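Welcome! Here are some exercises to work through with the sequence and the model side by side. Try each task before you read its solution.

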Amino acid sequence: MNKQLKDHKQIGQELELFFTNDIAPGAPFWLPKGMVIFKELEKYIRKLTENAGYLETSTPIMVKSELFKQSGHWAKFGEHNMYNLQLSDEADGSNPEGYTLKPMNCPESTILYRFRPRSYKELPLRLAEIGRLHRREKSGEVNGLLRVRQITMDDAHIYATEDQIFDEVSNILDMMIQFYKSFGFEYEFRLATRPETRAGSDENWDKAEKKLAEALEKKGLKAGDKLGDGAFYGPKIDVHIKDAQDREWQLATVQLDFHMPEAFDLKYIDEKGEQKRPVMIHRAIFGSFERFLAILTENFQGAFPLWLSPVQVQIIPIAERHNSYAQKVLEQLKAAEIRAEVDARAEKMQAKIRDAQMQKISYMIIVGDREESENKIAVRSRNGQDSGTLSLEDFLAKVKEEVESKA
Ligand SMILES: [Zn+2]
């Protein structure tokens, strides 16, 4: 790590966003300000997926282990990478059954699909889920938000016919590009092919790898290779981004899967009334919210873009007699859904400005005698830029535009 740059754990503490505690290794605690960012990101991804025709669902966190035996996860990841419990319904603890905290959503998503018979008219069926997953990362590998045991993932599973694969993968790649561009990240695609230990026939692997390579090619996207790095059930296209320190991270992924539809005997009725097997496409855009937030925090060094700023505007009355005007300004900002606070402490104006800058608050509004008598506000940005005196209406219009453009 570059000496001048702070890591996300330090920034998370200083700005009161999140922290970890030995009482829950690998599972972060979210403070109110961190939760503002978390919820804004959630809102953004929900909007993107809704616009792309996904339907949101939710499945249980804890299910009987037999589900993961059927899916193949048990054999692949073993008991050591999942949290498994023996639970009994009886008072004396007899006849315990094996349960697992889900390490991924896929097997449960197939239960939603199998809820009733499906017709070709419903395909592609895009089921999204922002779910909490648990994975037993080794304690030596747990690191702040970058590697956690409790993961929030913006997951989705698409059930489609083979003819629909290209359009679906293509739309997902577009969504990934739009998403990562909006944060200003550089990104690269990687095609990850069949691993040594895998499920499914070579014929299906040939077909799946070819389909993904075709999707990249037809979109004119270059992709590096990750030979043998596919999921055990199918090949994938991963998105790698570079952070502020030139470190590379794998975040988004789209995976093509012919195996799980077979393992769970998924079907749909085609135009001729015959039973067919759908394909399953797994995809995540953030990947893990926790990891994405760690990278964002370090990338911006806590100075988040306005739409993510926990406090967007700090109102600074110059003297105590300006507090009630400051309060009036606050009410108007809140009515316009701007996250604002008044610093009414009996401190010097310069000290209040310095503190707001330390807290990386995007804008400061300074109000004194002149502003109050003219019914205006003086605006400064956190990087010291002075926007002069303007009307609250003009400021609100500027701020709204900046929020909406996610600049
Ligand atoms: Zn999946």
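**Exercise 1. The whole protein**

Among contacts in the protein between residues at least 6 apart in sequence, what percentage join residues at least 24 apart?

*Solution.* Before counting, note that this is a predicted model, in which local features need pLDDT of at least 70, side-chain atom pairs count only at pLDDT 80 or more, and totals for chains, interfaces and linings use all residues. Residues are numbered from 1 along each chain as its sequence is written, and side-chain values use heavy atoms, with hydrogens and water left out.

Step 1: A contact means heavy atoms within 4.5 Å.
Step 2: Of the contacts between residues at least 6 apart in sequence, 70% join residues at least 24 apart.
Step 3: For the setting, the protein has 13 helices and 20 strands. Both are DSSP runs numbered from the N terminus: helices are H or I with at least four residues, strands are E with at least two.
Step 4: Of the 407 residues, 50% are buried. Buried means under 20% relative accessible area, exposed over 50%, and partly exposed in between, using a 1.4 Å probe and protein chains only.
Step 5: Along the principal axes, the C-alpha atoms fill a box of roughly 80 × 60 × 45 Å.

**Exercise 2. The zinc ion**

Find the protein donors of the zinc ion. How are the donor residues spaced in sequence?

*Solution.* Step 1: Donors are N, O and S atoms within 2.8 Å of the metal (3.2 Å for Na, K and Ca); water is not among the atoms, so sites may look incomplete.
Step 1: The protein donors are Cys-106 (SG), His-157 (NE2) and His-282 (ND1), lying 2.1 to 2.3 Å from the zinc ion.
Step 2: Their spacing in sequence reads C-x50-H-x124-H.
Step 3: His-157 in strand β8 (residues 150-160) and His-282 in strand β15 (residues 279-288) are 125 residues apart, a pair that links distant parts of the chain.
Step 4: Both His-157 and His-282 are buried.

**Exercise 3. A glutamate in a strand**

Is Glu-129 buried or exposed? Which side chain joins that of Glu-129 in a polar contact of 3.0 Å?

*Solution.* Step 1: Locate Glu-129 in strand β7 (residues 125-134).
Step 1: Glu-129 has a relative accessible area of 5%, so this residue is buried.
Step 2: A polar contact is a pair of N or O atoms within 3.5 Å; within protein, one must be able to donate a hydrogen and the other to accept it, and residues adjacent in sequence count only if both atoms are side-chain atoms.
Step 3: The partner side chain at 3.0 Å is that of Lys-102. A polar atom of the Glu-129 side chain also lies 2.8 Å from the backbone nitrogen of Thr-59.
Step 4: Beyond neighbours within four places in sequence, the contacts of Glu-129 include Ser-58, Asn-105, Met-153 and Asp-155.

**Exercise 4. Backbone details**

Where do Gln-301 and Glu-337 lie?

*Solution.* Step 1: Gln-301 is in the loop between α9 (289-300) and β16 (313-317), with phi near 50°, a positive value in a residue other than glycine.
Step 1: Gln-301 has a relative accessible area of 17%, so the residue is buried.
Step 2: Glu-337 lies in the loop between α10 (323-335) and β17 (340-342). Its phi is also positive, at about 60°, although Glu-337 is not a glycine.
Step 3: Glu-337 is exposed because its relative accessible area is 71%.
Step 4: Finally, look for the cis peptide bond joining Leu-123 and Pro-124, with omega about -5°.
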